[in-house]
Amino acid sequence: MTTETTPVIPLPVGAARALTAVGALATAASAFLAWTWTADFPGDLTVTGYPGGLQWLTLTAGLVTLVLALASYGVPGLRWTSPSGSDNGLLYAAFGGAAVTWFTIIAIATDLGGLANLEPGGWIAGLASLAALAGALGLPVDRHPKGSSWGLRLAKSDRPLPTARQLPSSVEVLLIVAAFAVGLFAITFGIDTEYGELFAGYLILTAFVVAALSKSGLLPRLRALTIKHRPVATGAAFAAAAGFPFTQSSDQYTSVAANILIFATVALGLNIVVGLAGLLDLGYVAFLGVGAYAAALVSGSPASPIHVQFPFWAAMLTGAAASMIFGVLIGAPTLRLRGDYLAIVTLGFGEIFRITMNNLNGTTGPKITNGSNGIPRIPDLEILGFNLGQKHMVAGVELGRFSNYYLLMLIVTAFVVLVFARVGNSRIGRAWVAIREDETAAEAMGINGFRLKLLAFALGACLAGLAGTVQAHVSYTVTPDQYTFAEALPPNSAFLLAAVILGGMGTISGPLVGATLLFLVPKKLEFLSNYQLLAFGITLIILMRVRPEGMIANRRAKLEFHEADIPAQSSPPSETALTKTGA
Amino acid sequence: MSTTTSAPVLEARGVTMKFGGLTAVNNVDLTVNAGEIVGLIGPNGAGKTTFFNCLTGLYVPTEGSVSYRGTVLPPKPHLVTQAGIARTFQNIRLFANMTVLENVLVGRHTRTKEGLFSAILRGPGYHRAEAASRQRAMELLEFTGLAAKADHLARNLPYGEQRKLEIARALASDPGLLLLDEPTAGMNPQETNAAEQLVFAIRDLGIAILVIEHDMKFIFNLCDRTAVLVQGQKIVEGDKETVQNDERVVTAYLGAPLETATSTDEQAEDAT
């Protein structure tokens, strides 16, 4: 893969760099001006001297661009932000600044009816961000040679990073902790966005900043650090996630976060079935349903025909076991099928579950589930005398009902992550990947294909059931219509599969990120109303076109890109090999 | 090598495979003794690979039985491998998106037994077994000369090394018999020569080998015995001279001399 380093717009390099830096500074400064005359636009952009709402995003973009531009000048003390030495990161940051600023301007114009509603500050911001972008386009960036691709032809392959300066171990650990703190802040900001415009701007900015920092080499370097200190990184990630409820003053967003965790955990379970074993399951949400129904039936709800109240650990085991049995029952007859046939059969079973729950209502079947009314009034959990439904003061912060369930769910998620990580990298996990790659060859290597596929199915079902037991308590009520194939809101089978594929098959963080996005986007962009599914579809198509391996590429996919840089060599006749016959 | 050991490693008796009206393999007997390299040759479409698939459980033979060291094999590929027969494929079937080392580790599957709970709990036994598997896999990669590429993706290996990796993966199941399906197809003379040395080295480990091949020079250099399969039937079996001098083999490969052409055509029709 050859690249050339040329500017997109021919400009003198010195002028281009200066234009970028000045433009970025002006963009950041313009966030302090008034952009519009009325406070009708959400976030109040009328105050001079203090940024509000979307202006914070422009300010961030401007500052990131400015820092990268100064690093491009070689200003000492900032060069660490761009270890790769490539200006591609700077270009992405400038793009992000222009995109988020112009998004704001267009949003003001459409919300308030016309560009006349802009104050001079808005125009200054728009022009400054465009100036920075024009400057960045004049910088020499890594591109594909002419004719190999269309558009900007920005090169995908990363430059080899120079070896990092040796830092003391404690400093590296501190850097990881700091990075996760920034991550927690960014995610908290996203979940807490109060109106759709701000969330859309946030998504745009995040996408560009992540791209910019990964091109500048900062993110790859951070990733190397987390791999070096894996236990610390895992602990920091868990601590950052656990810290979320402590940043919240009400239950408004912790309920969203708890549901994100449920959705993400189920997606991770599905990733075992789809990502590792390669079995396309289109009815996976049914396993979440089985877990939830099982937990609801033994929860002591007055609507449950079984008048028992299991302690939580027993309810959890019941839910997981019921789901696993259901998985085996579905898997045993169907797993002899391959590919498309299996997908269709699982789709059918997913629907059978929902319809059966509808019919066990006492008139069209035995009275177990109350049909479409579901099982309401599921009591709150009480674990070791700690009632999750009540507010508690922890470390000076009041944790509400959803905060409690969020923390409980976080433990379940951590458990599922642990299971996924350990099983994926073991004899069983390798056998699953082998079956996904070539089932015939895998069987010829001594793998009992049917049994291992059944195991993947059962384990996936069991983990989804585990999440289901918590979900039943979080949502008070379990109804059949929560477990459909496709709907505008997650969790449903189609969204689960999309989360896995969008995030990255076979990885842990992939489905977690994918699920978070797929949950937040429809929730936050409610103003799109009827166009929500259309927008979702278009986004999916664009993402798959730009990044088919998913947002977080799996280790093997990464290796593939890495090896693509090494020119393929023909095999030399290896006489030396035979002198080493020591085995 | 000592060919006088007691029970044969592989004993196929009257193996017949019919696909509807087509008899692909017809009543074939074949024996492989310990320490032997046996060749199986025949023109394209003679049924060699079908016969291999019958031996390894991919196909259930219509008639006949296959036994390994005196025990009749069940017709399930993974049980055949567990019993001690490993194979490679004519068109390379590696796990393309796994690394070279992982490919070989998958080959260890039948010789290890760490299950789901062991993988989740990760006790000392698990770590010991995993380390032993890795060590054995690395030994095999050293043996085939791929150790330096252990962390590469299988798909990115050059062709000749993919063949070697398939052999290393098959050897990982500690087989008593290795079935090689056209191991030198598409190789240049140096690579073929290296493959020949590799097969001898495997034989010296005490593993019997049955090999399908089109390259006559390769087969006659390598094999103690060669069987010829034509239109599903074994027509002759023996050492180099017996096979090379057999008129039916020459006819099968090159066609009959003009005057007897019609009669062989009739024979061919009878056979199907």
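# A guided look at chains A and B

Visitor: How far apart are the end C-alpha atoms of helix α18 of chain A?
Guide: Welcome! This is a predicted model, and α18 of chain A covers residues 509–524. At 1.5 Å a residue, its 16 residues should span 22 Å. The model agrees with that expectation, since the end C-alpha atoms are apart by 22 Å.

Visitor: How many of the 16 residues of α18(A) are buried?
Guide: A residue counts as buried if 20 or more other C-beta atoms lie within 10 Å of its own. In α18(A), A:Gly510, A:Phe519 and A:Lys524 are among those that pass this test. The helix is largely enclosed by the rest of the structure, because the number of its residues that are buried is twelve.

Visitor: Which helices are included in what covers the buried residues of α18(A)?
Guide: Let's stay in chain A and look around the helix. The cover over the buried residues of α18(A) includes α5 (169–192) and α6 (196–216).

Visitor: Which element gives the largest share of the side of chain B that touches chain A?
Guide: The contact brings together 45 residues from chain B and 38 residues from chain A. On the chain B side, the elements giving two or more residues include α2 (77–83), α5 (124–144) and α7 (189–204). The largest share is six residues, and it comes from α7(B).

Visitor: By class, how many charged residues does the side of chain B that touches chain A have?
Guide: Good one to ask next! This side has 17 nonpolar and 18 polar residues. The charged residues on it number ten.

Visitor: What is the radius of gyration of chain B, with its 272 residues?
Guide: Chain B holds eleven helices and ten strands. For its length the globule rule gives 19 Å, and the chain's own value is close to that, so chain B is as compact as a globular protein of that length. The radius of gyration is 20 Å.

Visitor: Which strands are the edge strands of the open sheet in chain B?
Guide: The sheet has four strands in the order β2-β1-β4-β5, with antiparallel pairing. An edge strand here pairs on one side only. In chain B that describes β2 (22–32) and β5 (71–72).

Visitor: Which residue in β4(B) is the bridge partner of B:Thr16?
Guide: Strands β1 (residues 10–19) and β4 (residues 63–68) of chain B run antiparallel and are joined by five bridges. In β4(B), the partner of B:Thr16 is B:Glu63.

Notes
Residues are numbered from 1 along each chain as its sequence is written. Chains are lettered from A and ligands numbered from 1 in the order in which they are written. This is a predicted model: local features need pLDDT of at least 70, side-chain atom pairs count only at pLDDT 80 or more; totals for chains, interfaces and linings use all residues. Two residues are in contact if their C-beta atoms, placed from the backbone, lie within 7 Å. Ala, Val, Leu, Ile, Met, Phe, Trp, Tyr, Cys and Pro count as nonpolar, Asp, Glu, Lys and Arg as charged, and the others, Gly among them, as polar. The radius of gyration is taken over C-alpha atoms; the globule rule is 2.2 Å times the number of residues to the power 0.38. Two strands pair if DSSP finds at least two bridges between them. The expected span of a helix is 1.5 Å times one less than its number of residues.
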